[in-house]
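This report describes selected local features of one protein model. Please look over the sequence and the structure before reading on.

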Amino acid sequence: MSRDRGPRRPRRLDRSALIAASVTALSLTVSGCVVVHGERVVLPAATRAEAAEALRQFTAAYNESDKAYDASLDADHTTGALAAIDSARLKAGRANNPDGNPSHTPLKLTDAKYTIPEKAGWPRWFLADARGNKGGEARWLLVFTRDGLEDPWEVAYLTLVAPDDVPEFKTDEDGWAEAVPANSTDLAAAPADLSEDYATYLEDGGKTFADGAHTSSWRQLREKRSTRPGLVTQYIDEPLTNGDYAPLALRTKDGGALVFFATRHFEKQTAARGASVPTPNKDVLALTDGEIKQSLTMEFVSNEVALDPAGPGQVSVLGRIQGLTSAKGE
C-alpha cells in the first residue's frame, strides 16, 4: 500500500515514542499546526517484544482449536491462505470427531527469530522463524500481519523449510529489515506476479522456476496421476493475489527477496463408464457436497515461500503447504 512519507524520525526512538509524537502532532491541528499522519511514518512493524507475544498468542490459540477441532478458537489469529487451510481442516476433523481431536499433540515453537521490516502504511507485518516439535528438522516460517493498531496479529502464511534454506536478510544498523514492494522490478520476477507465474508454470511449464519438489517434480507427479487406467484426472491452477492473499516479500542480504504467496488448485477425477472414482478418505468426504457418482472435484489452497533472485535468474520454491478446502461429487 503506497503512502506519502512524512518527516523521518531518528532511528533510535522506540515505536511507542514515535506513535506518541504522531498523536501529539495530530492534536495540534486545531491551532493550525501541520498534521503528521501516523500511518505515513516509517516505523518497524512491531517491537521484538510484540512479535514474541503475537507468536505466543497464535500458538496458544492454534493448540486450543486443534484440541477441540473448533475453528472459532483461532479465527482471530489466522487469515488469508492459512485461515482457508486451517478452518477446512478443523471442519473436517470436527465432523469426524465431534468430541475433539483424539490424537492432539500441542505445538511447541522454540528458538524463534523475528525479521521485522520498517515501512509506512498498512498492513504491517513481520516474519517469525522458529523450530517446531513437529515437521522434523524443518523451520516453521510464520508471516504475521495486521491492518491497524487495534487489530490482532494474524498469521497469513505458514510454511516449513529446511534450516539451510532460510536466507540471511538485509537489515539496517538497528536490525530492522526491508519490505520489498510487490511491483519491484529488480528481481527475477515481481512478487505481485509470482502467484500467476506459478499457476501458469504448473499447467504449461517454462523457465521461471528452478527444478525442485514443488515445481518440476510436482508437475511430473500430476502427469503420472492423470493417465491412470479408467480414471481421468484434470488440474486447474489459479492465482490468489488480493486482500489477505497478497504476496509479501523481504529483501535478502544478496539483494534478492524471500517471497510468500498463495495459489488455488482444482483436481477433478472422472471415472470411465462402468468404473467408479476411488473412495476418498473420511476427511475429504466431510468436506464434500453432493454424491460422488462419476466424478469428484477437489479444491485446494496452497501457500508457498520462494527465493526470488536479484536480476535475471530462476525462482526457487523452498516450501509449500496445501490443504483441501472443499469438494463436490457428481
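## Trp153 and the aromatic pairs

Trp153 counts as buried, at 10% relative accessibility. Buried means under 20% relative accessible area, exposed means over 50%, and partly exposed lies in between, with a 1.4 Å probe and protein chains only. The model is a predicted one, in which local features need pLDDT of at least 70 and side-chain atom pairs count only at pLDDT 80 or more, while totals for chains, interfaces and linings use all residues. Residues are numbered from 1 along each chain as its sequence is written, and side-chain values use heavy atoms, with hydrogens and water left out.

A search of the whole structure finds nine aromatic pairs. Rings of Phe, Tyr and Trp (its six-membered ring) pair if their centres lie within 6.5 Å; planes under 30 degrees apart count as stacked, over 60 as edge-to-face and the rest as tilted. Tyr114 and Phe126 form an edge-to-face pair, 6.4 Å centre to centre with 65° between the planes. This pair links distant parts of the chain, since Tyr114 is in strand β2 and Phe126 in strand β4, twelve residues apart. Helices (H or I, at least four residues) and strands (E, at least two) are DSSP runs, numbered from the N terminus. Tyr114 is partly exposed, with a relative accessible area of 25%, whereas Phe126 is buried at 0%. Phe126 also forms an edge-to-face pair with Trp153, at 4.9 Å centre to centre and 70° between the planes. Trp153 lies in the loop between β5 (139–146) and β6 (154–161) and Phe126 in strand β4, so this pair ties together parts that are 27 residues apart in sequence. Ring pairs link Phe58, Tyr62, Tyr114, Phe126, Phe144 and Trp153 into a cluster.

## Helices α2 and α3

Two packed helices are described by the angle between their axes and the distance between the axes. The axes of α2 and α3 come within 9 Å and cross at roughly 30°. That makes α2 roughly parallel to α3. Axes are lines fitted to C-alpha atoms, for helices over the stretch in contact, and angles run from 0 to 180 degrees between N-to-C directions. Angles under 35 degrees count as roughly parallel, over 145 as roughly antiparallel, 65 to 115 as roughly perpendicular and the rest as oblique.

In α2, Phe58, Tyr62, Ser65, Asp66 and Ala68 meet Leu82, Asp86, Arg89, Leu90 and Arg94 in α3; contact means heavy atoms within 4.5 Å.

## Backbone exceptions

Most residues other than glycine have a negative phi, and most peptide bonds are trans. Tyr69 has a positive phi, near 50°. Tyr69 lies in the loop between α2 (48–68) and α3 (80–96) and is buried, at 12% relative accessibility. Phi is also near 50° in Asp111, a residue of strand β2 (residues 109–115). Asp111 is partly exposed, with a relative accessible area of 37%.

The peptide bond from Trp122 to Pro123 is cis, with omega near 0°. Pro123 is found in the loop between β3 (117–119) and β4 (124–132).

Gln269 is in strand β10 (residues 257–271) and is buried, with a relative accessible area of 9%. Not counting residues up to four places away in sequence, Gln269 touches several residues, including Arg228, Thr233, Pro278 and Met298.

Asp211 is exposed, with a relative accessible area of 66%, and is in the loop between α4 (194–204) and α5 (216–225). Asp211 and Gln314 are 103 residues apart in sequence and 9.1 Å apart in space, C-alpha to C-alpha.
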